[in-house]
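Please consider the following account of charged side-chain pairs, read alongside the sequence and coordinates.

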Amino acid sequence: MLNHVSGVLNADELIKMALREDISNEDVSTNSVMPDYELGTVQLICKQDGIICGLWVFERTFKLLDANTQVKAYAKDGDEVKKGQLVAEIVGDIRVLLSGERVALNYLQRMSGIATYTHQMVSLLKGSKTRLLDTRKTTPNMRIFEKYAVKVGGGCNHRYNLSDGILLKDNHIGAAGGVKNAVLKAKQYASFVRKIEVETETLEQVAEALEAGADIIMLDNMSKEDMKAAVKMIGGRALTECSGNVTRENIAQIIDTGVDFVSSGALTHSAPILDLSLKNLHPVTVK
C-alpha cells in the first residue's frame, strides 16, 4: 500500500502536517543552543523486544526537513528487534536531528507497536484457517500508517475506507428495514464486482443474510456456540467473519469455531507502542 506512488504522496502530506503541528513557528529549544549548521549523528536504539515497522516513515520525516539527511538502517520493516539493539544511525544537520526527533519517533514507535501486537495475535491463530483482519478504528490521519503496520505484523487489511467496500452494519440494517432489505438494496446499487458483507447478531439474522445472498456474513459479538452453529448453517455458501471485542487475550478461543476471518479493532486502537529512543547525539568531524 505505501509503495504505491499516491500512497507515498499522501504519506508525505501527513508527515508534513505532523511536523507543522510540532514546529508551528520555530524550534526554540534547538535554535537557542544550535543557531548554525553543524553536522552530527545520532543512534536509534530499541528499548524492548518487538517487530520494527515504519523505518521509511522515520527516515522520510528527517528528509522532509532536510533532503541531505542520511539514515543507515541495520534492520528492515518486519524484522524482530531486541532490547538494546542498534536499529539505525542518522547523520545530518544537528538542528534537523533535534527538531525531527519526536515526530519521527512517534511514527516509528506507534507503527512498531501495532506490528508487534498484530504479530502476537497472528501467532495465536497459527495452525488454523482463520485470518486476522484490522478495522477502520484507526487514529485520524494515521490510517495509511497503521494499516501498513498491521500488514507488516502479518495481519490482513479489511476495507481501507467507506469507498472501498460494502459493509452493512446494524444501523444500515435499521435504516433499510431489516437484513434482507439492506442486502437487496446494496445489490441493486453496487456494481456486480463488489462483495456485500452484512453484520449479524443472531442466528435468525444469519439465515436472513444467507437467503438474501450476502457474500460475507459477519458474526458480531456472538457466543462461541452460536458462531459454531452459524458456520455450520452457512456451510461455505458465504465467507464468515467474527467480530466484537477481539483481543490478544481471547483470540485463541475463536480458532475452533471455523470462521474464515476474525477482525480486531484492538490492533490499531489498543496496541502499546514499541519503546525506541534516539541516543548519543554528537558532532561529526568532516575530514
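Asp 256 has a relative accessible area of 45% and is therefore partly exposed. The model in which this residue is placed is a predicted one. Its side chain meets that of Lys 228 in a salt bridge, with an N to O distance of 3.7 Å. Asp 256 belongs to the loop between E10 and E11, whereas Lys 228 belongs to helix H9 (residues 224-234), so the contact ties together parts that lie 28 residues apart in sequence. Lys 228 is likewise partly exposed, at a relative accessible area of 39%. The pair is also part of a network of salt bridges that links Lys 224, Lys 228 and Asp 256.

The loop between strand E10 (239-243) and strand E11 (261-263) also holds Asp 260. The side chain of Asp 260 forms a salt bridge with that of Lys 129, at 3.1 Å from N to O. Lys 129 is located in the loop between helix H4 (94-124) and strand E6 (131-133), and the two partners, 131 residues apart, link distant parts of the chain. Asp 260 counts as buried because its relative accessibility, 17%, falls under the 20% limit. Lys 129, at 54%, is over the 50% limit and therefore counts as exposed.

A further salt bridge joins the side chains of Asp 93 and Arg 95, with an N to O distance of 2.7 Å. Asp 93 is buried, at 6% relative accessibility, while Arg 95 is partly exposed, at 26%.

Notes
Residues are numbered from 1 along each chain as its sequence is written. This is a predicted model: local features need pLDDT of at least 70, side-chain atom pairs count only at pLDDT 80 or more; totals for chains, interfaces and linings use all residues. Side-chain values use heavy atoms; hydrogens and water are left out. A salt bridge is a side-chain nitrogen of Lys or Arg within 4 Å of a carboxyl oxygen of Asp or Glu. Buried means under 20% relative accessible area, exposed over 50%, partly exposed in between (1.4 Å probe, protein chains only). Helices (H or I, at least four residues) and strands (E, at least two) are DSSP runs, numbered from the N terminus.
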